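This report goes through a single protein chain, from individual residues to the chain as a whole. The sequence and the structure come just below.

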Amino acid sequence: MDGSALAPLSAAWDDCDARHGWVRIVRGPVTAGLTLRAGGLTHRFPRYGSAQDAWTGTLR
């Protein structure tokens with residue numbers, strides 16, 4: 001994952017948040033986490049261990 005994904009991902013978050021929804025990221029490659037950290041977005045996009053964890057909001 002490179003930085004080009006951050007703008008559309010943030011736009012999706014803004015859109016969902018405006019409608020009282022959410023966007024959650026299921027743990028992927030280490031590079032995805034590094035990219036989010038470099039972009040200062042780990043607070044907005046914590047990474048979940050599985051789709052079930054993302055659905056329930058369970059961070060492990």
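A11 belongs to helix α1, in what is a predicted model. The residue is partly exposed, with a relative accessible area of 44%, a value that lies between the 20% under which a residue is called buried and the 50% over which a residue is called exposed. Along the chain A11 and A51 are 40 residues apart, and their C-alpha atoms are separated by 21 Å.

## The loop between α1 and β1

H20 is found in the loop between α1 and β1, where the residue is exposed, with a relative accessible area of 77%. As background, most residues other than glycine have a negative phi.

Which residues of helix α2 are buried? Within this helix, which covers residues 30-38, the buried residues are A32, G33, T35 and L36. Seen down the axis of α2, these buried residues fall within an arc of 160°, so they line one face of the helix. On the other side of α2, by contrast, V30, R37 and A38 are exposed.

What do the buried residues of α2 pack against? Their partners are helix α1 (6-18) together with the strands β1 (25-26) and β2 (47-48), so that contact here stands for heavy atoms within 4.5 Å.

## After α2

The place of G39 is in the loop between α2 and β2, and with a relative accessible area of 40% the residue is partly exposed. Between G39 and A18 there are 21 residues in sequence and 21 Å in space, the latter taken from C-alpha to C-alpha. G40, which comes just after α2, takes a positive phi of about 70°.

## The chain as a whole

The secondary structure of the protein chain consists of three helices and two strands, and from the N terminus on these elements run α-β-α-β-α. The radius of gyration is 11 Å, close to the 10 Å that the globule rule gives for 60 residues, so the chain is as compact as a globular protein of that length. Along its principal axes the C-alpha trace spans about 25 × 25 × 15 Å.

Of the 60 residues in the protein chain, 23% are buried. Among contacts between residues at least 6 apart in sequence, 46% join residues at least 24 apart.

## Surface and charge

The accessible surface of the protein chain comes to about 4,100 Å², and carbon and sulfur atoms account for 58% of this area. As for charge, the chain carries 7 positive and 5 negative side chains, and the centres of the two sets lie 9 Å apart.

Notes. Residues are numbered from 1 along each chain as its sequence is written. This is a predicted model: local features need pLDDT of at least 70, side-chain atom pairs count only at pLDDT 80 or more; totals for chains, interfaces and linings use all residues. Side-chain values use heavy atoms; hydrogens and water are left out. Helices (H or I, at least four residues) and strands (E, at least two) are DSSP runs, numbered from the N terminus. The radius of gyration is taken over C-alpha atoms; the globule rule is 2.2 Å times the number of residues to the power 0.38. Buried means under 20% relative accessible area, exposed over 50%, partly exposed in between (1.4 Å probe, protein chains only). Accessible areas come from the Shrake-Rupley method with a 1.4 Å probe; for residues, only the protein chains shown count as cover. Lys and Arg count as positive and Asp and Glu as negative; His and the chain ends are not counted. The place of a charge is taken as NZ of Lys, CZ of Arg, CG of Asp or CD of Glu. The arc is that of the directions from the helix axis to the C-beta atoms.
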